[in-house]
Amino acid sequence: MPKTPTTSAATSKKFNYTVHKRPSAPFYRKVLGGIFATCFALTYLVTLPYILLSIYVLWDYFVRSALPGWMIWTTVPFMISTIVPTQHSPFFVKHVVDSMIDYFEFSEIRETSDEELLEFFGKGRTAILAAQPHGVVSFTGMCSGSFCIDEFRKIKTAAASVVTSVPILKHVMGIFGLIDASKKSIVRHMKKGGAAGSIVIYIGGIAELFKSSRKEERLYLSKRKGFIKLALTTGSDILPLYLLGNTHSLTVVKSGPLAAISRKMGVSITYFWGWKNLPIPRPDKLVYVRGRLLGMPKIEEPTQEDIDFWHKKYCDEVERIFETYKGACPGYENKKFYID
C-alpha cells in the first residue's frame, strides 16, 4: 500500500504554499510504475500501426482470404474498442496509476489549497485549470489525477478529437475523463458548475510538444487567447497549473513526416525516446505546481482590450510560477523560459 503523503509549509515572497509528497517507496512499486508509464507511452506509438494492420486483416478475411484464419482474432481489440464507448475510471486512476507517483518521485506544490478550491467549487463556480507544458505524454497530469482527493477526480480534461475518438487510444486515455476540446463541447460541460463542470485545458496543445527541450522551456501561448475569452464569457476563473518535468520524461523527433502529421492530428504519433534511448519514460522527478486563481470577472461581451489584459496577467503568472519553483525539479535549475 502507498504511504501517507507528507506535507510541509513554506513562504515564497508574498505567496504561501504547501509541498505534498510521499516517502520513498519499495523498489517493486517503482518498477510497476515504470511499466504503467511505458504502457501509456507505447499506446501512442503502436495504436496507428495496429489499426492499419487490423483493417488490412479484416479486408483480407472478407475479400481475399490469403492470410491464416487465426489472424482475424488479432483484430478483436480493435473491433471492441470501435464499438464500445469510453469510460472515465476514477478508481483505476486512483489505485493503479498510483504506482507512477513512486516511479517519478512525484510531488505537488500548492499555492491554492484543497480547502480553498473546495470552497470555490462549493459556490457552484467553475474553473479552467490551465495546464502547461504538454509533453509527449502528460505524466505530471496523470500522477496528479491519482494523487488528488476524490472530488477533484471529477474534473474532466479537454483533448483533441483524435484522442477521444480513435479506437484503443480513446479507451487507454479515456480512463482519465476526457471530453472533446471543441468550444461547443467545453461550454456545454461547464454549465454543470462546480468541480464537475470545471475542466483542464492544455493551453499549448500538441504544438508545444515540438518546441521544448531539456535545455529550454518554450510555451506556445502568445497567440492562445481563446481560453481567456471563454473564462470571461462564462464567468469562470482560471487556475494556472505548471507541470515541471513533463518535457524531460521523453524526447520527441521534431521533424519529418510523422512530426508533421502529429501537428495536424493534434496527437503525438512520431517516435520518441527516454531511458537508455528506449521508448521508456525517464524516471526523472515530476513536480505539479498549482498557482492562484486569477480572480477573473464575468464579461458577457469582452473587448479585445479585456482579453489582452487577462492574457498578459496569465502569462506573467505562468512565468512567475516557473521561475519561483523550477529549482524543485532537478535539471530545471538553469533551464531558460520562453513564451512563443
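Two residues are in contact when heavy atoms of one lie within 4.5 Å of heavy atoms of the other. By that rule, and leaving aside neighbours within four places in sequence, Phe-40 is in contact with Val-97, Met-100, Phe-139, Met-142, Val-172, Met-173, Ile-175 and Phe-176. The model described here is predicted. The protein has 14 helices and 13 strands, and 51% of its 340 residues are buried.

**Overall form**

- The radius of gyration is 20 Å, close to the 20 Å that the globule rule gives for 340 residues, so the protein is as compact as a globular protein of that length.
- Taken along the principal axes, the box filled by the C-alpha atoms is roughly 70 × 50 × 40 Å.
- Among contacts with a separation of 6 or more, 77% are between residues 24 or more positions apart.
- The accessible surface comes to about 16,200 Å², and carbon and sulfur atoms account for 61% of that area.

**Nonpolar cores**

- In soluble globular proteins, nonpolar side chains tend to be buried together.
- The largest nonpolar core of this protein has 48 residues, and the members that touch the most others are Phe-40, Met-100 and Phe-139.
- Helix α1 gives the most to this core, with five residues.
- Another core lies apart from the largest one and has 37 residues, including Phe-227, Ala-231, Cys-315 and Ile-321.

- The structure holds 19 salt bridges.
- One of them joins the side chains of Asp-102 and Arg-29, with an N to O distance of 2.5 Å.
- Asp-102 is in helix α4 (residues 99-103) and Arg-29 is in helix α1, so this pair links distant parts of the chain, 73 residues apart.
- Both Asp-102 and Arg-29 are buried.
- A further salt bridge is formed by the side chains of Arg-292 and Glu-116, at 3.3 Å from N to O.
- Arg-292 lies in the loop between β12 (287-290) and α14 (304-325), while Glu-116 lies in helix α5 (residues 114-122), so the pair ties together parts that are 176 residues apart in sequence.
- Arg-292 has a relative accessible area of 29% and is therefore partly exposed.
- Glu-116 also counts as partly exposed, because its relative accessibility is 33%.

**Other salt bridges**

- The side chains of Glu-323 and Lys-326 meet in a salt bridge with an N to O distance of 3.1 Å.
- Glu-323 counts as partly exposed at 38% relative accessibility, whereas Lys-326 counts as buried at 15%.
- The cut-off behind this contrast is that a buried residue has under 20% relative accessible area.

- Leu-53, Tyr-56, Trp-59, Tyr-61, Phe-62 and Val-63 make a nonpolar surface patch of about 670 Å².
- Val-63, one of these residues, is in helix α1 (residues 27-64).
- Val-63 counts as exposed because its relative accessibility is 57%, and the cut-off for exposed is over 50%.

Technical notes:
Residues are numbered from 1 along each chain as its sequence is written. This is a predicted model: local features need pLDDT of at least 70, side-chain atom pairs count only at pLDDT 80 or more; totals for chains, interfaces and linings use all residues. Side-chain values use heavy atoms; hydrogens and water are left out. Patches are made of residues with over 30% relative accessible area and no salt bridge: like charges are joined within 9 Å, nonpolar side chains (Val, Leu, Ile, Met, Phe, Trp, Tyr) within 5 Å. Accessible areas come from the Shrake-Rupley method with a 1.4 Å probe; for residues, only the protein chains shown count as cover. A salt bridge is a side-chain nitrogen of Lys or Arg within 4 Å of a carboxyl oxygen of Asp or Glu. Helices (H or I, at least four residues) and strands (E, at least two) are DSSP runs, numbered from the N terminus. Buried means under 20% relative accessible area, exposed over 50%, partly exposed in between (1.4 Å probe, protein chains only). The radius of gyration is taken over C-alpha atoms; the globule rule is 2.2 Å times the number of residues to the power 0.38. A nonpolar core is a set of buried Ala, Val, Leu, Ile, Met, Phe, Trp, Tyr and Cys residues joined through side-chain atoms within 4.5 Å.
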